[in-house]
Amino acid sequence: MGKADGITQRQLTVLIFVSLLSPMIRILPTSAVVFAGRAAWLAPLPAFLLGRLLLAVMDAFGKNVPEGAGLADMAQTALGGGLGRAFNVLTALWLTFYAGFVCRSAAERLLATVYPNGSPAVFIVVMLLVAAAVGAGSTKALSRTAEVLMPILVGVLAAVLLSALPDVSAERLLPVTLQDGKRVLYGSLPVFNVLTVFVYFLYLGGRVRKKPGARPRRFPWLAGLTAVALGVTFFTLGTIGEHLAVSMENAFFIVIRNIKVFGVVERVEAVVVAVWVVTDFIFVAALLMIVAEIWRTVTGAKKCAAFVAPTGVLAGVAAFFIAQGVFDFQKWSDVLIPAINLTFALVLIPLMCAVGKLRKKY
Amino acid sequence: MKKAILLTLALALALTGCSKGLTIFSNYRRIENIELVRAFTADAREDGVLVSIYGTAGEENDARMVEKSGPSLGTAMGELLMMPLGREAILSHTENMLIGEDMARSRLNECLDYVERYSETRLDIGLLIVRGSSARDLLKGLSGSDPSAADVIAGLANHLDRVGEGTVFTCREVAVSLLENGVALVQCVRGVEEEKLFDARGDLNIEPAGFAVVTEDGQTLEFLTGEETLGSLLLLSRLRSKNLDLTVEDAVFTVSLEELKTAYEPVFDGDGALTKMKVRIAAGAKLVSLRGVADVTEKACREAVERALSERLKAAAQAAVARSQALGLDFLDLHGVTARKHPGKLAALGRDWSEIFPALPVEVEVEGALRRTFDIMDSPEIAEKEEMTPWEKLTESLKDN
């Protein structure tokens, strides 16, 4: 990876923020309401603290890593050549599968909301083709795209949420008591699960141009995502209440569908669909890029681009065969994917970093 | 390579459905081939459901009604939307759904489920129950060409809020209330053959007919009287405006409610038992017209009007509470009020709300205030009789206050 493809810390931060918007909006508020009931709108706050803790841990592990090295390099240094490669291959396979899952969830979401007569295959193929085309390009281009789109995405989300304000009722958000504390903590787990995905972006750490003495600035994306999670949960719950929210697959979208601005503008869900499509596309492209970076490190190749297309094909296969119907898919979405994700992001990768530290490899 | 990337990116255009030739979806529709359904009706039949819509058809845009029955709302609507008017009917901008009494009694959940599930419909569709006739007959009776039946129904929804004879709860509000309280209020309407307020050409007009009380299990369908409906609006803080005629001595004061504030206070005793629910309603009103002899510049006169106003509203609120308790259905959401004010104490009661609620004493206090009489302070009769100077009137007024 040449210097020309280097990105700044800020660009990586923006890339993480835009990418993680996709799963954050997809799972909320339903997954948090399942655990926390009407107190679910508070669930992003403990998730923020847990995310901050994980950030601090990962920053501590990466403190003395030389410039140009990402997590894949760290794994091979920390665990040694053979084991490190095996670890990287395992991670690459998981992230390929995860990219397929993200494609399929994007397709299912579009089918459930605006294209009931479509087929998931169309969305998966188009999404992967576009993402692979971008993923094979430079990290800089993808990060710049995310930078350009971010204010638009945030602006659209803020405008849409504020438009929903007249329908929000305190009666559907209260009461929240101290007894709800435990439920709020449980409710924060799905939010935290999404936040942990940032760990995978550290595989692109080798492409970040580090300024001497500059500290990683990852706090803004974490705070931003927490604010989005808070907004989505608060407005959805305040509008349709916990019972209706928990029974719906895309409760946030249903709320958006009801928005009327001064009785003049209505049916604004198209802009939310645009947000979904853009964030899904950025996320999948970033995942393909991460996987290609891992394969590059494992094989010792000079360029990543050659690995993107095969990864895209494998992700497509995973997307097609992950589940036959929406119910099978829901099982993956609710249980298996979060469990595997937490195993990698919260256990295996930090453990690998810890081993490197203990062996004083960096 | 760049050309290949551009070509690949161009594939994304197919996602938009903007081109008939290239698009990969069946969502593409030409504007002249669609019919926006603003209102539809559903009635229960022995063999299923009858749904009806009213729209324009053919090259001359003739207004006509089409209907379809099927074993379920989904099947009937599915067929109706595809075949009826020579164009595809879509529900993306539907404003109101009218259902017959039988439908409300036996298939209300099916209606709500359809609205929640169908990808085109919004949850904020107004839900109305038709009393005294089938919803289909009402739609047919309303169907003059100018204004359209949908305009008449939408006009009624606005009219209700302005005259304080009810309010149209949306499917979202009804569904949330059913899920959270097990009971919900739904606005009722009926068709009348006279007094055409909205519809000059149809056979029928539409008028409000109070609230219906429906339960989650679909087993209950009760109707509230006008007084109980007014009380419910007051207690749910949904009354926007209402003109009331108040008789004080020989004069009739017509006042318009303009500011309403309802506050609840659950009262617990030292043992933690819920002893009563205090409800305080502050009602501000303005004088709209006055018939008879009365001097509103006199404090005693204004106080008498305020007392009459308070008593009138108190009676309505008490009627709503009494009906709610008699039915054992907390459609005024007193449980929610208690849970929000004292969640800990409510949880500690250790008894089911359905046991507590029917016998819970509810104390209603109403404080009516006449806030504005506009430029005319006296009734015409008084003004003619009295010939006080402005200074004398002012000092008299100051003495009163």
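What follows is what I looked up, one entry per topic.

**Ground rules**

I am working with a predicted model, in which local features need pLDDT of at least 70 and side-chain atom pairs count only at pLDDT 80 or more, while totals for chains, interfaces and linings use all residues. I number residues from 1 along each chain as its sequence is written, with chains lettered from A and ligands numbered from 1 in the order in which they are written. My helices (H or I, at least four residues) and strands (E, at least two) are DSSP runs, numbered from the N terminus.

**Entry 1: helix H7 of chain A**

I began with H7(A), residues 139–163. Its 25 residues reach 35 Å from first C-alpha to last, close to the 36 Å expected at 1.5 Å a residue; that expected span is 1.5 Å times one less than the number of residues. Where does H7(A) bend? I found a bend of about 35 degrees at A:Leu149, with the proline A:Pro151 following within four residues. The bend here is the angle between axes fitted to the seven residues ending at a position and the seven starting there.

Next I looked up burial. I call a residue buried if 20 or more other C-beta atoms lie within 10 Å of its own, exposed if 12 or fewer, and partly exposed in between, with C-beta atoms placed from the backbone. The buried residues of H7(A) include A:Leu142, A:Ala146, A:Met150 and A:Leu153. An α-helix has 3.6 residues a turn, so residues three or four places apart point the same way. Among the packing partners of the buried H7(A) residues I noted helix H1 (9–27), helix H6 (120–135) and helix H12 (269–299) of chain A. Contact means that C-beta atoms, placed from the backbone, lie within 7 Å.

**Entry 2: two cis prolines in chain A**

I found a cis peptide bond between A:Leu28 and A:Pro29, with omega about 0 degrees. A:Pro29 sits in the loop between H1 and helix H2 (30–36) of chain A. Another cis bond runs from A:Leu174 to A:Pro175, with omega near 5 degrees, and A:Pro175 belongs to the loop between H7 and helix H8 (181–195) of chain A.

**Entry 3: helix H7 of chain B, and what comes after**

I moved on to H7(B), residues 226–235, where 8 of the 10 residues are buried. The cover over these buried residues includes strand E8 (183–192), strand E12 (251–268) and helix H8 (299–327) of chain B.

B:Ser237 lies in the loop between H7 and strand E11 (242–248) of chain B. Is B:Ser237 buried or exposed? I have it as exposed, with 12 other C-beta atoms within 10 Å.

B:Asp333 also has a positive phi, near 60 degrees. I placed B:Asp333 in the loop between H8 and helix H9 (334–341) of chain B, and it counts as partly exposed because it has 19 C-beta neighbours inside 10 Å.

**Entry 4: B:Thr338**

My last stop was B:Thr338, in helix H9 of chain B. With 24 C-beta neighbours inside 10 Å, B:Thr338 counts as buried. Leaving aside neighbours within four places in sequence, I listed its contacts as B:Pro266, B:Leu274 and B:Leu346. I also noted that B:Thr338 and B:Tyr264 are 74 residues apart in sequence and 8.4 Å apart in space, C-alpha to C-alpha.

Methods: Contact = placed C-beta atoms within 7 Å.
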